[in-house]
Amino acid sequence: MKSAWLALPMVMWTAPAMAQAAQQAGEALVGHYYLQGVMETGSELLLRPDGRFQWYLSYGALDLFAEGTWRVAGEAVELVAAPSADVPKPGFEQLSLAITEAGLIPPDGRGAYVRAREAEDSAPD
């Protein structure tokens with residue numbers, strides 16, 4: 001029991017630091033992303049500073065859209081879609097994208113959402 005009381009100040013000290021780190025990570029991720037590395041598929045993701053996102057995916061005759069809120073959860077960006085006037089039926093309810101040096105990686109591991117500026121720099125001529 002005594003060890004639990006000793007750990008409490010440590011938890012109280014680290015919780016605000018962790019929240020600040022998550023906020024800074026979120027601010028660093030704000031921007032416009034393009035999906036790269038998936039043949040015949042077009043997709044964009046816009047992470048806004050206010051915690052909202054817009055997303056679309058186009059594959060052949062399939063077009064999916066979603067809007068909602070986003071947040072950083074550990075080493076991932078969590079997207080939570082909600083119906084809106086523009087997108088009454090979102091293409092997903094929740095989507096978790098792993099944060100890596102290559103970009104934001106979808107759950108199936110195929111392709112990566114890369115920042116618009118980086119996508120332009122790495123596009124083939």
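Trainee: What volume does the largest pocket have?
Mentor: This is a predicted model, where local features need pLDDT of at least 70 and side-chain atom pairs count only at pLDDT 80 or more, while totals for chains, interfaces and linings use all residues. Residues are numbered from 1 along each chain as its sequence is written, and side-chain values use heavy atoms, leaving out hydrogens and water. A pocket is an open set of points on a 1 Å grid over the protein atoms alone, where a 1.4 Å probe fits, with protein on both sides within 12 Å along at least five of seven lines. Taking the space filled by probe spheres set on the points, the largest pocket comes to about 280 Å³.

Trainee: Which residues are closest to the centre of the largest pocket?
Mentor: Lining residues have an atom within 4 Å of a point. There are 17 of them here, and the closest to the centre are Leu35, Thr41, Leu57, Asp108 and Tyr113.

Trainee: Which element gives the largest share of that lining?
Mentor: Strands are DSSP runs of E with at least two residues, numbered from the N terminus. The largest share, three residues, comes from β3.

Trainee: How many of the lining residues are nonpolar?
Mentor: Ala, Val, Leu, Ile, Met, Phe, Trp, Tyr, Cys and Pro count as nonpolar, Asp, Glu, Lys and Arg as charged, and the others, Gly among them, as polar. The lining has two charged residues and two polar ones, and its nonpolar residues number 13.

Technical notes: Helices (H or I, at least four residues) and strands (E, at least two) are DSSP runs, numbered from the N terminus.
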